[in-house]
Amino acid sequence: MVAALCATLSGPALAEVITCDLSGVPVSFAIDRSQFAPAQDAGDPPRRRVTTVQMGDAQFPAEPILMGDVRGFWAEGLGGSDAMLVIQGDGSAVYANSRAGERLTGNCTVIQ
């Protein structure tokens with residue numbers, strides 16, 4: 001199972017694969033830690049951080065979040081809505097899309 005998921009979410013060796021069950025909806029994505037490395041030169045442009053989220057049958061690009069033991073993503077949805085998933089260090093998670101009135105809760109696992 002884990003090998004199949006890692007193959008599906010292939011990426012750099014520094015990636016963390018995250019799987020979630022949010023109110024019965026399966027969610028998975030990866031966070032490439034190298035995207036959060038500081039620029040080598042002060043004149044370098046900001047790095048674009050991106051991941052691909054699989055949420056149920058939908059797949060979409062998102063910006064990963066990595067702050068200490070908090071992880072997640074932010075994505076722009078249809079109609080200019082914003083969707084955000086925040087995962088606490090204990091694995092508890094909240095997904096919200098306020099414009100669509102959607103709020104899902106559940107648990108996530110980080111595979112390093």
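Me: Which residues form one aromatic cluster?

Reply: Phe-29, Phe-60, Phe-73 and Tyr-95 do. Keep in mind that this is a predicted model, where local features need pLDDT of at least 70, side-chain atom pairs count only at pLDDT 80 or more, and totals for chains, interfaces and linings use all residues. Residues are numbered from 1 along each chain as its sequence is written, and side-chain values use heavy atoms, with hydrogens and water left out.

Me: Why is the pair of Phe-29 and Phe-73 called edge-to-face?

Reply: The ring centres of Phe-29 and Phe-73 are 5.1 Å apart and the planes stand at 85°, so edge-to-face is the label. Phe-29 sits in strand β2 and Phe-73 in strand β5, so this pair ties together parts 44 residues apart in sequence. Strands here are DSSP runs (E, at least two residues), numbered from the N terminus.

Me: What makes the pair of Phe-73 and Tyr-95 tilted?

Reply: Here the centres of Phe-73 and Tyr-95 are 6.4 Å apart with the planes at 50°, so the pair is tilted. This one also links distant parts of the chain, with Phe-73 in strand β5 and Tyr-95 in strand β7, 22 residues apart.

Me: How do you know whether Phe-29 and Phe-73 are buried or exposed?

Reply: Buried means under 20% relative accessible area, exposed over 50%, and partly exposed in between (1.4 Å probe, protein chains only). Phe-29 has a relative accessible area of 0%, so buried is the word. Phe-73, at 0% relative accessibility, counts as buried too.

Me: Which residues touch the most other members of the largest nonpolar core?

Reply: Leu-22, Phe-29, Phe-73 and Leu-85 do, in a core of 20 residues. Such a core is a set of buried Ala, Val, Leu, Ile, Met, Phe, Trp, Tyr and Cys residues joined through side-chain atoms within 4.5 Å. Elements giving two or more residues to this core include β1 (15–22), β2 (25–32) and β8 (102–111).

Me: What is the order of strands in the closed barrel?

Reply: The closed barrel of 8 strands runs β1-β2-β3-β4-β5-β6-β7-β8, with antiparallel pairing. Neighbouring strands of this sheet are turned by 30° against each other on average, direction ignored.

Me: How do you know that β1 pairs with β8?

Reply: Two strands pair if DSSP finds at least two bridges between them, and 6 bridges join the antiparallel β1 and β8. Thr-19 stands opposite Thr-109 in β8.

Me: What about β7 with β8, and β4 with β5?

Reply: β7 and β8 pair in the antiparallel sense over 6 bridges, with Ala-96 opposite Arg-103 in β8. They form a hairpin with 4 residues between them, and Gly-101 in the turn has a positive phi of about 70°. β4 and β5 are antiparallel over 5 bridges, and Glu-63 stands opposite Trp-74 in β5.

Technical notes:
Rings of Phe, Tyr and Trp (its six-membered ring) pair if their centres lie within 6.5 Å; planes under 30 degrees apart count as stacked, over 60 as edge-to-face and the rest as tilted. Axes are lines fitted to C-alpha atoms, for helices over the stretch in contact, and angles run from 0 to 180 degrees between N-to-C directions.
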